[in-house]
Amino acid sequence: MQQQTVVDHIDRVAEDVVSLVLRGADGPLEPWEPGAHVDLALPNWLTRQYSLCGDPADRETYRVAVRHAPLSRGGSEYVHRFLRRGRPLDVSPPRNHFPLLPATEYLFLAGGIGITPLLPMLRAAAGEGVPASLVYAGQSAETMPFLDELRALDGVRVRIVATREQGRPDLTALASALDPGALVYCCGPASMLAAAQAAFPAGRLHAERFRPTARSFAPNTPFEAVCARSGRTVQVPADESLLDALNHAGLPVAAGCREGVCGSCEVAVVDGEPEHRDDIGAPAGRMYACVSRARTPRLVVDL
């Protein structure tokens, strides 16, 4: 169910980055934990996902940050050029596929706008007295949002890396010095995530992606989706996603990224074997209808 908000503040927090503070129009907003994101339904008919980077204890407002992408698909372009204070915006309840798990120590790796989901995690670690370090990389200090907030955090070791002058951080060296009980949280461009995956053990690295990993799958085959609650059977052709087939049949499923990275289109699977093609790891008995398909000719879903 969408939440009604109003744009309370728009602040420039770095070169080509603005922060949006969204105030609940009908009282307190849904609670969230560090790592969560929301869908913003923009007035230009686009829905985009943004990590929450404010204070989870503040139930009155959400804060997100948006970088203006030169090759924007229309979301960041609208936010930077046309969105104004006082504009109503529908916002989804928060979802969290990037939760902060308990650890004896944390290493956070951020690249550019990837600082947004990590900022509440840093505050949480500092508040709990857990040792935490941040390595924050960006082309220059001018392009990196929230530097002042990060430098003001007590109990967090913050290292700022301006890559134009200093080059990229040496993640292999960081891995060799990692405490045995530490967890690593990484969010940033694909090149940083690839370097982190090469440097750190898979069981200790938690990463969030802006875009899906390039992977190959077997050719699409048609299948039928039986909707258990509605009693409808929908044919899903090879050239159409399950999400689109259901929507075209009048069985609407929410959609956000349509790339398997946000989780908006999660559906429950009652019977049959899904072929998971998402990047966030669908929980047991669930699938993401925008990209995932079926390994069996028939899939029963809870719709």
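Trainee: What makes strand E3 (residues 37-41) mostly covered?

Mentor: Four of the five residues of E3 are buried. Buried means under 20% relative accessible area, exposed means over 50%, and partly exposed lies in between, with a 1.4 Å probe and protein chains only. Strands (E, at least two residues) and helices (H or I, at least four) are DSSP runs, numbered from the N terminus.

Trainee: What should I know about the model first?

Mentor: This is a predicted model, in which local features need pLDDT of at least 70 and side-chain atom pairs count only at pLDDT 80 or more, while totals for chains, interfaces and linings use all residues. Residues are numbered from 1 along each chain as its sequence is written, and side-chain values use heavy atoms, with hydrogens and water left out.

Trainee: How do you know that E3 and E4 pair?

Mentor: Two strands pair if DSSP finds at least two bridges between them. E3 and E4 have five bridges, in the antiparallel sense, so they count as paired. His-37 stands opposite Ser-51 in E4. The two strands form a hairpin with five residues between them, and Trp-45 in the turn has a positive phi of about 75 degrees.

Trainee: Why is strand E6 (residues 88-91) also called a partner of E3?

Mentor: Two bridges join E3 to E6, and the strands run antiparallel. The requirement is at least two, so this pair qualifies. Ala-41 stands opposite Asp-90 in E6.

Trainee: Why is E8 called largely enclosed?

Mentor: Seven of the seven residues of E8 are buried, so the rest of the structure largely encloses this strand. Both faces are covered: Ala-132, Leu-134, Tyr-136 and Gly-138 are buried on one side, and Ser-133, Val-135 and Ala-137 on the other.

Trainee: Which strands does E8 pair with, and how do they run?

Mentor: Strand E7 (residues 105-111) is joined to E8 by six bridges and runs parallel to it. In this pair, Leu-107 stands opposite Ser-133. E8 is also joined to strand E9 (residues 156-162), by seven bridges and again in parallel, with Ala-137 opposite Val-161.

Trainee: What makes the unit of E7, H2 and E8 right-handed?

Mentor: A crossover is right-handed if, with the strands pointing away from the viewer, the path from the first strand over the helix to the second runs clockwise. E7, H2 and E8 make a β-α-β unit of that hand.

Trainee: Is Asp-16 buried, exposed or partly exposed?

Mentor: Asp-16 has a relative accessible area of 39%, so it counts as partly exposed. Asp-16 lies in the loop between strand E1 (3-14) and strand E2 (17-24). Its phi is near 65 degrees, a positive value in a residue other than glycine.

Trainee: Why is Phe-146 called buried?

Mentor: Its relative accessibility is 4%, so Phe-146 counts as buried. This residue sits in the loop between E8 and helix H3 (147-151). Phe-146 is not a glycine, yet it has a positive phi of about 70 degrees.

Trainee: What makes Gly-272 count as partly exposed?

Mentor: Its relative accessibility is 34%, so Gly-272 counts as partly exposed. Gly-272 lies in the loop between strand E14 (266-271) and strand E15 (274-275).

Trainee: What lines the largest pocket?

Mentor: On a 1 Å grid over the protein atoms alone, a cavity is a set of points where a 1.4 Å probe fits but cannot get out, whereas a pocket is an open set with protein on both sides within 12 Å along at least five of seven lines; lining residues have an atom within 4 Å of a point. The largest pocket is lined by 47 residues, and Arg-67, Ile-113, Gly-188, Pro-189 and Phe-210 lie nearest its centre. H6 gives the largest share of the lining, five residues.

Trainee: How do the residues of that lining divide?

Mentor: The lining of the largest pocket has 21 nonpolar, 16 polar and 10 charged residues. Ala, Val, Leu, Ile, Met, Phe, Trp, Tyr, Cys and Pro count as nonpolar, Asp, Glu, Lys and Arg as charged, and the others, Gly among them, as polar.

Trainee: What is the volume of the largest pocket?

Mentor: The volume is about 1500 Å³. Grid points are joined across faces, edges and corners, and a volume is the space filled by probe spheres set on the points.
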